[in-house]
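Here's a quick tour for anyone meeting this structure for the first time. Have a look at it, and then we'll walk through a few spots together.

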Amino acid sequence: MKKLFEKHDLFKLAGLFVLITILLSWIIPYAFYNNGVAYDINNQAFKWTASLDYRHAVGLFDWSSYSLLGFWYFTALFMFVIVVAGLYKFLSSTSAYQALTDKVANIFKGKEKVLVVVSTLLFAVFTSIATDPFITLLFIPFVIAVFSKLKVDKLSALSSTFGGVLVGMFGATYSTNIVGSIVDTNYGLGASNVQFGFERAAVIVLFVVAYLLMTYFAIARLSKKDTPVTDLFAEEEVKTTKKTKPVRVNVAPMAIFFGLLLVIAILAYIPWSEAFGVSFFNDLYNDIIEYDGFFKTTIFATILGESFHAFGDLDLLGICGYIFVFMLLIKIIYHIPFDKIIDSFGDGIKKIGKSLVVLVLVYAVLEFSMLFPTIPAVVSSILGLGNNLFTLFVSGLYTNLFTVDFQYTVSMVGSAFATFKDANIAALILQATNGIIKFFAPTSAILMVGLSMLDIKYKDYFKYIWKFLLAITVITVIVLAILVYA
C-alpha cells in the first residue's frame with residue numbers, strides 16, 4: 001500500500017475517495033433531508049429496516065458519465081484556473097514581471113519570516129470575507145514566485161498561501177460562499193434566525209488561533225532548509241557561457257497594471273451588498289448600464305454586455321474579462337507579439353494540467369455524493385443517538401468529507417442541524433467541521449490544488465500538518481463545549 005502512493009499520490013487519493021463514494025451508494029440507501037426530517041426515495045420517513053431495498057447505486061456507465069459532469073456544473077472554476085495559468089505563463093515570459101518579482105523578493109530578503117506572517121494573514125483575512133475562496137488563485141502564483149526567489153521551502157510556502165486560504169475558510173466571517181450558505185433562508189439555517197455575524201466572538205477566536213498556529217508551523221519550518229519551492233510557471237533558464245549585460249526594463253507599467261488588477265479582484269469579490277449592506281457598487285453599476293446620454297440609448301449596457309456585473313456579484317468567470325484586458329495592455333506596452341499570448345495559454349494548460357485532473361476527481365466525489373445521496377442516511381443514524389455537540393460534530397466531519405463545496409454541505413444536512421437547541425451554535429459547528437476537513441482531506445479542492453502546484457506529496461504534508469490539525473480540533477471542541485454547556 002505504501003508503494004502504491006509513492007507516485008501520483010494525489011490522483012490516487014482523490015480517485016480512492018471517488019471509489020469509496022461509489023461503493024457507499026451500493027451499501028447505503030438513498031436518503032435526503034427536508035425540514036430536518038430524513039426521507040427515503042419514496043418520500044417516506046427514513047428507516048434502515050424499510051429502506052434497504054432503496055439503494056440508488058452508481059452503475060458502470062454512471063461512473064463514466066457523471067464523473068465528468070464537474071466540467072459542466074463547475075465550468076467557471078475550471079476555466080478560471082486555465083485563465084490564471086495562461087496569465088502567469090505569459091507574465092513569467094516577460095522580463096518586466098521577473099524584474100518585479102525580483103524587487104519584491106529583495107525587499108523581503110533576510111526577512112522571510114515577515115513575509116510568511118504578512119502573506120498568511122492577508123490570504124486568511126481576504127478569504128474570510130471573499131465571495132469565493134478560489135479567487136485567491138489569482139494572487140498565489142505571484143507570492144509563490146517571490147518565495148521561490150527567496151529559496152523558501154515548499155511547506156512554508158504552502159502554509160503562507162494556501163494555508164492562509166484554509167484558515168480564512170475555517171474562520172469565515174462574511175464569506176458568501178461559506179457564511180452566506182449558512183444564513184440562506186431556503187437551504188441554510190437562515191430560517192432559524194441565523195444571520196451574518198453569528199457567534200462572532202467564537203469565530204474570531206478560532207480564526208486567530210488557527211492563524212497563529214499556521215504561522216508558527218510555517219516559521220518553524222523555515223529553519224529546516226528543506227527543498228525550496230519552485231515557481232510552476234517560471235521560464236526555464238537557458239545556460240550560456242557568453243556573458244551578457246543585464247537588460248534594463250521599465251517595471252513601473254507592469255507594477256501599476258498588475259497592482260490595479262489585484263485591487264479590482266479584491267474589490268470585486270467582497271460581498272458588499274449581501275454581507276455589509278453597502279449599495280455603492282450596485283448603484284454605480286445601475287448608473288453605468290442605464291446611462292442613456294448618447295442618442296437616448298443605453299450604449300454602455302450594449303458595449304459591456306449582459307455578463308458585466310457589479311463588484312460583489314461576480315462569479316469566477318467575471319474576473320477573466322479584466323485579466324484579458326490586463327494582458328492586452330501589457331502586450332501593447334512591452335511590444336509583445338500576440339502569438340506569445342496564445343503560446344502562453346497552451347503552455348499554461350500543460351503546467352496546470354495535473355491540478356485540473358485532481359480537481360476533476362475531487363469534484364467527481366461531490367457529483368456522486370449529491371446525485372446518489374447516502375450522507376443523510378448516515379447522519380440521521382448519528383443524530384439518532386442524540387442531538388448534541390458530539391453527534392453534530394461527527395456528522396459535520398462526515399458530511400464535509402464528501403461534499404467538497406460547503407454550499408452543498410449546507411443544502412444536504414443544514415435543515416438537520418437547524419433542529420439543534422441553538423441554531424447559531426449548530427451553524428458554527430457546521431462551519432468549523434468544514435474548516436477542519438479542508439485542512440487535510442483529499443477531497444479539499446483548494447488543498448489538493450496547492451499540493452499539486454507546489455509538487456508536495458500528501459504524506460509529507462500530513463507529517464507536517466497533523467500536529468496543527470490535532471491542536472485546532474481540540475481547541476475547536478473546547479470552544480464549542482463552552483458555548484453549549486457554559
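At what angle do helix 6 and helix 8 pack, and how far apart are their axes? This is a predicted model, and in it helix 6 (residues 95-107) packs against helix 8 (residues 140-149) at about 65°, with the axes 9 Å apart. The crossing of these two is right-handed.

Who's touching whom here? On the helix 6 side you'll find Y97, Q98, L100, T101, D102, V104 and A105, and they meet P141, F142, A145, V146 and K149 of helix 8. Sorted by class, the residues of this contact come out as 8 nonpolar, 2 polar and 2 charged.

The side chains of D102 and K149 meet in a salt bridge, at 2.9 Å from N to O. This pair ties together distant parts of the chain, with D102 in helix 6 and K149 in helix 8, 47 residues apart. The structure holds 2 salt bridges.

Now for another pair of helices. Helix 7 (residues 112-129) packs with helix 10 (residues 162-170), and their crossing is right-handed. T120, F123, A124, T127 and S128 of helix 7 make the contact with G164, V165, V167, G168 and M169 of helix 10. By class, that's 5 nonpolar residues, 5 polar and no charged ones.

Here are the two pairs side by side:

| Helix pair | Angle | Axes apart |
|---|---|---|
| Helix 6 and helix 8 | about 65° | 9 Å |
| Helix 7 and helix 10 | about 35° | 7 Å |

Last stop: the surface. F462, W466, L470, V474, I478 and I482 form a nonpolar patch there, and together they have about 550 Å² of accessible area. One of them, I482, sits in helix 24 (residues 458-485).

Notes. Residues numbered from 1 in each chain as written. Predicted model: local features only at pLDDT ≥ 70, side-chain atom pairs only at ≥ 80, totals over all residues. Heavy atoms only, no water. Patch = residues over 30% accessible without salt bridge, like charges linked within 9 Å, V, L, I, M, F, W, Y side chains within 5 Å. Areas by Shrake-Rupley, 256 points an atom, 1.4 Å probe, with all protein chains shown as cover. Salt bridge = Lys/Arg side-chain N within 4 Å of Asp/Glu carboxyl O. Helix = DSSP H or I, 4+ residues; strand = E, 2+ residues; numbered from the N terminus. Axes fitted to C-alpha atoms, helices over the stretch in contact; angles between N-to-C directions. Left-handed = near helix turned anticlockwise from the far one by under 90°. Contact = heavy atoms within 4.5 Å. Nonpolar A, V, L, I, M, F, W, Y, C, P; charged D, E, K, R; others polar.
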